[in-house]
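Please walk through this structure with an eye on its aromatic rings. Begin with the model itself.

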Amino acid sequence: MDLLTQTLSGFTAMSHWEYIAVGLSMAYLLLAIKESLWCWPAAFFSTLIYTIMYWNGALLMESLLNFYYMYMAVFGWVVWRKGKAENLNITSWSINRHAVLISLTTVAAITIGYVMQNYTHADFAYLDSFTTCFAVVTTYLVAKKVLENWLYWIVIDAASMYLYYEKGYYPTLALFIFYTIMAAWGFKTWYEEYEQSQAKPLAQL
């Protein structure tokens, strides 16, 4: 009950810019699930706002992450626009490839977390670093239309919910609850399309 009250209070206290960021973030996710090219402009402008907000809230890695998202929004636009002409399809990576990716990203997250914990004023340095590092690689997976990106996002978003709860970003916490649910839907949607694309060549034999 207290969380609900605090969340509602947080929505009341939100600036117009934060409302815009939340709306654009939701638009990005819905458009990405539908594989719409216009998800990337929505991502660019929402992350621009969040970059400033997180920096002011001393979540330094989250701020840097959103700055990276701005770059990836441009990258994603270019890749998907080019892919539309070249018929870029959803792909699936092997378990071994994901194991290597997870291992390398974990090492990077621990290293960055140590630096942030001991040499900056960052809060929740290790958790912040883990969510940031995995979000960096997962955003690349989205741009490349790798099916399993949605599974990564489910874990990242769930971990981020604790971070935002502790920092008092209750509207953003509510947004990430929505993100986690939509990531599960995104995986289901992309998986079905991937299965259909895999079945087409077999049907032609």
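**Rings along the helices**

F130 is partly exposed, at a relative accessible area of 28% (partly exposed lies between buried, under 20%, and exposed, over 50%, with a 1.4 Å probe and protein chains only). This is a predicted model, where local features need pLDDT of at least 70, side-chain atom pairs count only at pLDDT 80 or more, and totals for chains, interfaces and linings use all residues. Residues are numbered from 1 along each chain as its sequence is written, and side-chain values use heavy atoms, leaving out hydrogens and water.

F134 counts as buried, with 13% relative accessibility. F130 and F134 both belong to helix α6 (residues 125-143), 4 residues apart, so about one helical turn separates them. Helices here are DSSP runs of H or I with at least four residues, while strands are E runs of at least two, numbered from the N terminus.

Helix α8 (residues 170-204) holds F187 and Y191, again 4 residues apart, about one turn. Their rings form a stacked aromatic pair, 5.9 Å centre to centre with 25° between the planes. Rings of Phe, Tyr and Trp (its six-membered ring) pair if their centres lie within 6.5 Å; planes under 30 degrees apart are stacked, over 60 edge-to-face, the rest tilted. F187 is partly exposed at 23%, and Y191 is partly exposed at 38%.

Ring pairs also link Y28, W40 and W80 into a cluster. K145 lies over the face of W80, 4.8 Å from the ring centre.

What is the make-up of the whole chain? The protein chain has 8 helices and 0 strands. Of its 205 residues, 45% count as buried.

Note on methods. Lys NZ or Arg CZ within 6 Å of the ring centre and 35° of its normal.
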